[in-house]
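The model is predicted.

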Amino acid sequence: LPARRVPVGLDHLSLLVGRLADQRLAAARQAEQTARLAQAHRQSADLLMVFDVVSGLAGLSEEREALQRVLGLFTTLCAPGVLAFLEVVDGVPLAARLEPSTALYDLDGLRRFASSTQESQRLGTAGFQLRLAHQGVTVGALLVDEVRFPEHRDHYLELALTVARVVGLGISNARTFGRLQQTIGDLRAA
């Protein structure tokens with residue numbers, strides 16, 4: 001008669017359960033590695049995009065153009081509902097620019113933040129403030145609030161902190177170039 005041999009016993013069962021456990025563990029490790037790799041790809045893509053946009057910032061000669069690029073960068077990066085930049089010259093907060101211009105937003109907190117030494121500050125669950133400085137001198141403060149995807153706010157802040165120094169350098173260079181042009185014009189007029 002046809003017959004089939006079926007192994008039985010605790011040794012065989014132990015090997016079978018061990019093999020199944022090893023397969024599940026290997027699948028879990030592979031899934032974890034795949035997730036880590038995907039996260040690393042996302043981070044590198046984000047950084048490359050940011051550095052591509054920021055790379056031209058240091059060579060700008062007009063502060064207005066540098067500010068437009070900075071605001072454009074953060075609009076692209078975070079998709080905020082409210083974006084404000086507070087100009088700081090010689091440690092004194094000056095004019096603030098708010099986008100959209102129709103937004104009703106109290107900028108006193110941004111002015112207080114610009115006078116502090118903090119690099120950044122989280123706002124609620126959907127925003128943050130960022131101090132822009134070059135060589136320890138504050139050139140401005142940025143408020144990003146009501147981001148489109150609040151669950152990614154900390155990721156946006158991490159990217160913002162990464163580019164803050166370059167942004168500060170770009171604004172500082174544009175200001176220095178503007179002052180130099182003003183001085184040259186004054187000397188020519190004299």
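How do the residues of the lining of the largest pocket divide into nonpolar, polar and charged? Four are nonpolar, three are polar and three are charged. The lining consists of Glu-119, Leu-130, Arg-131, Ala-133, His-134, Gln-135, Gly-136, Leu-161, Ala-164 and Arg-165. The elements that contribute two or more residues to this lining are strand 4 and helix 4. Strand 4 gives the most, with four residues. The volume of the largest pocket is about 170 Å³.

Attention may now turn to the nonpolar interior. In soluble globular proteins, nonpolar side chains tend to be buried together. In this predicted model, the largest nonpolar core holds 30 residues, of which Phe-74, Leu-132 and Leu-142 touch the most other members. Two or more residues of this core come from each of helix 2 (63-78), strand 1 (80-89), strand 4 (127-134), strand 5 (137-147) and helix 4 (153-189). Helix 4 supplies the largest share of the core, nine residues.

When residues up to four places away in sequence are not counted, Phe-74 touches Ala-79, Pro-80, Leu-83, Leu-130, Leu-142, Val-144, Ala-160 and Val-163. One of these contacts, Leu-130, also lines the largest pocket.

Technical notes: Residues are numbered from 1 along each chain as its sequence is written. This is a predicted model: local features need pLDDT of at least 70, side-chain atom pairs count only at pLDDT 80 or more; totals for chains, interfaces and linings use all residues. Side-chain values use heavy atoms; hydrogens and water are left out. A nonpolar core is a set of buried Ala, Val, Leu, Ile, Met, Phe, Trp, Tyr and Cys residues joined through side-chain atoms within 4.5 Å. Buried means under 20% relative accessible area, exposed over 50%, partly exposed in between (1.4 Å probe, protein chains only). Contact means heavy atoms within 4.5 Å. On a 1 Å grid over the protein atoms alone, a cavity is a set of points where a 1.4 Å probe fits but cannot get out, and a pocket is an open set with protein on both sides within 12 Å along at least five of seven lines; lining residues have an atom within 4 Å of a point. Grid points are joined across faces, edges and corners, and a volume is the space filled by probe spheres set on the points. Ala, Val, Leu, Ile, Met, Phe, Trp, Tyr, Cys and Pro count as nonpolar, Asp, Glu, Lys and Arg as charged, and the others, Gly among them, as polar.
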